[in-house]
Amino acid sequence: MTWVESVRARARSTLSTAGRRGDPPPFTPPQRLAPRETPVVLVDKAPSVDDGIPRGVRVAGAWAWRIILFVGAAYLLLRVMGLLRVVLIPVVVAILLAALLEPVAAAMRRRGVNKSLAAALVLIGGLIVVFGGLSLIVQTFISQFDDLSDQVGQGIDEIQRWLAQSPLHISQAQVSDAIEQLQRQFTDNRESLATGALSTATTVGEVVTGFFLALFTLFFYLRDGEQIWTFLCRLLPRGARVPVARAGHYSWHTLVSYVRATVLVAFVDAVGIGIGLAILRIPLALPLAALVFLGAFVPVVGATVTGAAAVLVALVTQGPISALIVLAIVIGVQQLEGHVLQPLIMGRAVALHPLSVILAIATGIVVGGIVGGLVAVPILAVANTAVRYLVDHPTGEPTPDREPPGTEPTDDDEPKPPDTTDPPVPPTVESSVDPPPAPKPA
């Protein structure tokens, strides 16, 4: 068989096999039909000023102007808040009160009470409790004022004698000169004091206005709080509505837990210090306990500062020994709060590092005074929950345990509970390769 005949036979065999299989014959594209390789063209970038600047400097400059814009926006926001403080402060106070009273109104609504009636009953009940407590404190102060003035005079004389006999050797003449100098300064600054009285009258007017605005706002928070938040979320872009709404839901529960825990801690502080003052028969024990209760709403420093007022009253009424005993009581209550109440009660509501709490209070006092220090930590707690949720769940899905994020301990030294969950089972992947045949039994 010649070479031509063998090639012809192989071609016929290939065509007949392909015909039996129903497949087309193999095709090899000719060289002229093969795609040509596209050449890569390199274009030199035009030189610019940035070429001579190191990359680190360029990155720092990009961050710098963004930070400047952020600081400028924050400054303008603070200025606007300062101009609207007469409105913003009552609104913020109403939010805190709503976090405290809303669970009661919700319980009444679940029992079939009309939402308007439930909000009105809760609001009226809160006013009765507040004004009843204030009237009791004022009556106690008025009834003990005469005895207090006599004890203050005797206490000042005793302090003067103690200073004269102390290692400081402060004479009676020096104390009298200091008192006369204070009286002289009071007489010389009479005009400025009058101006301050006018500003105080203006402040009283703002307080009265803010009081009624807070009551009006609190009523509608208790009545339509959920509808108000839904309306605000509908103003956002569609993709951000569900994540922001759920973040607000978790933040609200964090605020409710925080306010409850703060009220409980403040009550324990006030009762502990008040019992100590009553046992020592310190005048104004009930008003001082109420002052401690109000001061405890500023964490870490509030009860300490108001406790110092109790120490001062004990000093001028009963002398240094009673003042030292009251100081020991205040320190003991603070230790109970810091080592027992805060971890046990407050730690379940929100986990914030003590340094962040101190910095938040300092910033709030600098920006907004006493009210700023009061609302700084709640704002930090709410922001902590919202940011943690949005970072971990950007699409708006609920947390696995249905609890607000941000309640985990902040100390790395605390032992973590052992992981009792089963390890994840890897998904079954079907192989495209046929498994090997099973061995035949012998």
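1. K115 has a relative accessible area of 30% and is therefore partly exposed; buried means under 20%, exposed over 50% and partly exposed in between, with a 1.4 Å probe and protein chains only. K115 is the partner of D224 in a salt bridge, with 3.2 Å between the closest N and O atoms. The term salt bridge stands for a side-chain nitrogen of Lys or Arg within 4 Å of a carboxyl oxygen of Asp or Glu. Because K115 is in helix α4 (residues 115-143) and D224 in helix α7 (residues 190-234), the pair ties together parts 109 residues apart in sequence. Helices are DSSP runs (H or I, at least four residues), numbered from the N terminus.

2. This is a predicted model, in which local features need pLDDT of at least 70 and side-chain atom pairs count only at pLDDT 80 or more, while totals for chains, interfaces and linings use all residues. Residues are numbered from 1 along each chain as its sequence is written, and side-chain values use heavy atoms, leaving out hydrogens and water.

3. D224 is buried, at a relative accessible area of 12%. D224 also forms a salt bridge with R223, where the closest N and O atoms are 2.4 Å apart. R223 is partly exposed, at 26% relative accessibility. Through shared partners, the salt bridges join K115, R223 and D224 into one network.

4. How many salt bridges does a search of the whole structure find? The search finds three. One of them pairs E102 with R109, at 3.0 Å between the closest N and O atoms. E102 counts as buried at 19% relative accessibility, whereas R109 counts as partly exposed at 29%.

5. Helix α8 (residues 238-279) packs with α12 at an angle of about 140 degrees, and their axes are 9 Å apart. Axes here are lines fitted to C-alpha atoms over the stretch in contact, and angles run from 0 to 180 degrees between N-to-C directions. In α8, the residues that meet α12 include P243, Y250 and Y258; in α12, those that meet α8 include V377, A381 and Y389. Contact means heavy atoms within 4.5 Å.

6. A nonpolar surface patch of about 930 Å² includes L77, M81, L84 and V366. Patch residues have over 30% relative accessible area and no salt bridge, and nonpolar side chains (Val, Leu, Ile, Met, Phe, Trp, Tyr) are joined within 5 Å. Helix α2 gives the most to the patch, with five residues. M81 is found in α2 and counts as partly exposed at 38% relative accessibility.

Notes
Patch = residues over 30% accessible without salt bridge, like charges linked within 9 Å, V, L, I, M, F, W, Y side chains within 5 Å. Areas by Shrake-Rupley, 256 points an atom, 1.4 Å probe, with all protein chains shown as cover. Helix = DSSP H or I, 4+ residues; strand = E, 2+ residues; numbered from the N terminus.
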